[in-house]
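Okay, thanks for making time, everyone. I'd like to walk you through one structure today, so let me put it on the screen.

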Amino acid sequence: SHDIKTPLTSIINYVDLLQKAENQAQAEEYVQVLDRQSQRLKKLIEDLVEASKASSGSLAVNLLPCDIKVLLSQTLGEFEDRLSSKNLSAVINSPENSVVIMADGRHLWRIFDNLMGNICKYALYGTRVYIDVKNELGRAVITFRNICRNRYCCTLEL
């Protein structure tokens, strides 16, 4: 609830500031903040709805062959600027050949997006982010690891 309340409170406060803006430049700055915070709130609400559907078992899943290495490459491309701004370098360890699984690429992308978003938020500045892809006994194992700002190691294995 805190994650949802934060952008909502910001939107409410900036609407008030916008109503009291003294000049056009100030108003434009407030509109940019409103746009950014409303997009953030929209994404949080979409994630909440998806999580609710997943927990109730009513989430539609369209299983298709999905190349993990391609999806990870696309994910890192999306996060290139954010990783760079935190001086984080991604280190990917994966087999040379493709790692294809049956998955819903859209849902798997959201998982990768969430994990990388958390890495960008909480990783210690100037450290490495390790992403390992393994094929263990016919199953794909994907591990995200990084050093958090509080010096604890964060690891998630899918």
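Let's start with Asp113, which lies in helix α5. Helices here are DSSP runs of H or I with at least four residues, strands are runs of E with at least two, and both are numbered from the N terminus.

Before I go on, the ground rules. This is a predicted model, so local features need pLDDT of at least 70 and side-chain atom pairs count only at pLDDT 80 or more, while totals for chains, interfaces and linings use all residues. Residues are numbered from 1 along each chain as its sequence is written, and side-chain values use heavy atoms, with hydrogens and water left out.

How confident is the predictor? pLDDT is its confidence in each residue, from 0 to 100. The protein chain averages 87, and 94% of the residues score at least 70. Confidence is highest in helix α4 (residues 80-85), at 95, and lowest in strand β6 (residues 153-157), at a mean of 55.

Back to Asp113. Is Asp113 buried or exposed? Asp113 counts as buried, because its relative accessibility is 17%. The cut-offs: buried is under 20% relative accessible area, exposed is over 50%, and partly exposed is in between, with a 1.4 Å probe and protein chains only.

Asp113 has a partner, Lys43, and the two form a salt bridge with their closest N and O atoms 3.3 Å apart. By salt bridge I mean a side-chain nitrogen of Lys or Arg within 4 Å of a carboxyl oxygen of Asp or Glu. Lys43 sits in helix α2 (residues 24-56) and Asp113 in helix α5 (residues 105-122), so this pair links distant parts of the chain, 70 residues apart. Lys43, at 37% relative accessibility, is partly exposed.

How many salt bridges does the structure hold? The count is 4. One of them joins Arg145 and Asp132, with the closest N and O atoms 3.0 Å apart. Arg145 is in strand β5 (residues 139-147) and Asp132 in strand β4 (residues 128-136), so that pair ties together parts that are 13 residues apart in sequence. On the burial side, Asp132 is buried at 10%, whereas Arg145 is partly exposed at 28%.

Another salt bridge brings together the side chains of Asp104 and Arg106, at 3.9 Å from N to O. Asp104 is buried, with 8% relative accessibility. Asp104 also shows up at the start of α5, where one of its side-chain oxygens comes to within 3.0 Å of the backbone nitrogen of Arg106.

Now the helices themselves. For α5, 18 residues should span 26 Å at 1.5 Å a residue, and the end C-alpha atoms are 25 Å apart, which agrees. The expected span, by the way, is 1.5 Å times one less than the number of residues. Buried residues of α5 include His107, Phe112, Asp113 and Cys120.

Helix α2 has 33 residues and reaches 47 Å from first C-alpha to last, close to the expected 48 Å. Its buried residues include Ala27, Tyr30, Leu41 and Glu50. At its start, a side-chain oxygen of Asn23 reaches to within 3.2 Å of the backbone nitrogen of Ala25. After α2 comes Gly57, with a positive phi near 85°.

Which elements give two or more residues to the lining of the largest pocket? We'll get there. The largest pocket has about 590 Å³ of space, and it is lined by 18 residues, with Lys43, Asp47, Asp113, Gly117 and Lys121 nearest its centre. The elements giving two or more lining residues are α2 and α5, and α5 gives the most, with 8.For the definition, take a 1 Å grid over the protein atoms alone: a pocket is an open set of points with protein on both sides within 12 Å along at least five of seven lines, and lining residues have an atom within 4 Å of a point. Grid points are joined across faces, edges and corners, and the volume is the space filled by probe spheres set on the points.

Last stop, backbone angles. Most residues other than glycine have a negative phi. Leu137 is not a glycine, yet its phi is positive, about 55°. Leu137 sits in the loop between β4 and β5 and counts as exposed, at 88%. Asn87 also has a positive phi of about 55° without being a glycine. Asn87 is in the loop between α4 and β2 (89-93), and it is partly exposed at 43%.

How values were computed
Polar contact = N/O pair within 3.5 Å; in protein donor to acceptor, adjacent residues only side chain to side chain. pLDDT = per-residue confidence, 0-100. 1 Å grid on protein atoms, 1.4 Å probe; cavity = no way out; pocket = protein on both sides within 12 Å on 5 of 7 lines; lining within 4 Å.
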